[in-house]
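Subject: Structure for you to look at

Hi,

Here's the structure I promised to pass on.

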Amino acid sequence: MVALDCSPLILLLWLLFPAWPADCGSPAVTPSTATLRVVNGVEAVPHSWPWQVSMQATPMAAIPYMHGCGGSLIHEEWILTAAHCFMMPLNNPTFWRMCLGKHHMNSSGDVPSAETCYQVDGIVRHPGFVYETDRGDISNDVALVHLARPVSMTREISPVCMPAPGAVLPAGTPCYVTGWGDEKGRGGNLFPKVSQQLNQAALPVVDFGTCSKPAYWWDVLRPSMICAGYESPDELKSACQGDSGGPFVCQTTGATKSSWEVHGIVSFGAQGCIKDKKPSVFTRVSAFSGWIEENIRKFIYERAFLHN
């Protein structure tokens, strides 16, 4: 029998973890689940993906905030996103704000506006994310953002559910990627060209065995990633519409209700987005369940006891 470490510190860290929201994954506005195959996805029903975050940054006070990445609201104080969104020089929490309740990128298009933006006081990147120094390895592309104040939940703003630890979706599972991404002008830009309204695209899961073949993503792929999309360019959809760091969500049906879970984080894809045998690749959230919970506890502990 393995002895458990029941030291007071470990127990304290365990007790510090805030409960996941019980009412997650249930949008007040029902999303469209049509699966039309179109080049740029389709416009989402406004506010039907209420956990969608527009992560906006400015490197200096004189420059307006600009959309840089997507994210998912998973708790009243926490956003889940990709580690590569915070590569230099955008690794400073004070550069960022998290905007929720958006549909049009220009908020004046939402009448009445339901948007609320929150300042950031902490960014936690996975220590195994080494892409900045090794461009051949984009594994561990996951990060947490802590908000300076809790989110006020509304009809237009609510959290998505987390998947069960270790969960692996069967091939063909229908899921959706959402965001303001755009196919053009993205390569290498700090602030990519974006769509003017929130888009969605239906992408089925591609099994790991297929996606790790030499003709597909081969050794770039890791078991901690998910492939999804269509294998041929004539099928015309990819996560390019989803924006880096944004949610890849799948609907699950439980004993009493169905809910949406964030199974993936938009990580990378083919240059130009659409390419033969190059489905979009997402960080598999369920592979990092332990890391996510551990680092939320650690952040709360350090904030409460070490910084006072």
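Below is what turned up, starting with the disulfides and then moving on to the cores and one serine.

One thing to keep in mind: this is a predicted model.

**Disulfides**

In case the word is new to you, a disulfide is a covalent bond between the sulfur atoms of two cysteines. The count here comes to five disulfides, and I'll walk you through some of them.

Start with Cys-69 and Cys-85, whose sulfur atoms sit 2.2 Å apart. The torsion about their S-S bond is about -100 degrees, so this disulfide is left-handed. The pair links distant parts of the chain, 16 residues apart: Cys-69 is in strand β3 (residues 66-75), while Cys-85 is in the loop between β4 (78-81) and β5 (96-100). Are these two cysteines buried or exposed? Cys-69 has a relative accessible area of 5% and Cys-85 has 6%. Buried means under 20%, so Cys-69 counts as buried, and so does Cys-85.

Next up is the disulfide between Cys-99 and Cys-117, with an S to S distance of 2.0 Å. This link is right-handed, with 110 degrees about the S-S bond. Cys-99 lies in strand β5 and Cys-117 in strand β6 (residues 116-125), so the pair ties together parts that are 18 residues apart in sequence. Cys-99 is buried, at 0% relative accessibility, whereas Cys-117 is partly exposed at 22%.

Then there's Cys-211 with Cys-227, joined at 1.8 Å from S to S. Their link is left-handed, with -70 degrees about the S-S bond. Because Cys-211 lies in helix α2 and Cys-227 in strand β10, this pair ties together parts 16 residues apart in sequence. Both cysteines, Cys-211 and Cys-227, are buried.

**Cores**

The largest nonpolar core has 62 residues. Which of them touch the most other members? They are Met-55, Leu-80, Trp-96, Met-98, Leu-144 and Ile-292. If you zoom in on Leu-144, its contacts beyond four places in sequence include Ile-74, Trp-78, Gly-122, Val-124, Trp-291 and Ile-296. There's also a second, separate core of 13 residues, with Ala-201, Leu-203, Val-205 and Ile-226 among them.

**A buried serine**

Finally, find Ser-224 in the loop between α2 (208-211) and β10 (225-228). Ser-224 counts as buried, at 16% relative accessibility. Setting aside neighbours within four places in sequence, Ser-224 is in contact with Phe-282, Thr-283, Arg-284, Ala-287 and Phe-288.

Cheers

Conventions
Residues are numbered from 1 along each chain as its sequence is written. This is a predicted model: local features need pLDDT of at least 70, side-chain atom pairs count only at pLDDT 80 or more; totals for chains, interfaces and linings use all residues. Side-chain values use heavy atoms; hydrogens and water are left out. A nonpolar core is a set of buried Ala, Val, Leu, Ile, Met, Phe, Trp, Tyr and Cys residues joined through side-chain atoms within 4.5 Å. Buried means under 20% relative accessible area, exposed over 50%, partly exposed in between (1.4 Å probe, protein chains only). Contact means heavy atoms within 4.5 Å. Helices (H or I, at least four residues) and strands (E, at least two) are DSSP runs, numbered from the N terminus. A disulfide is a pair of cysteine sulfur atoms within 2.5 Å.
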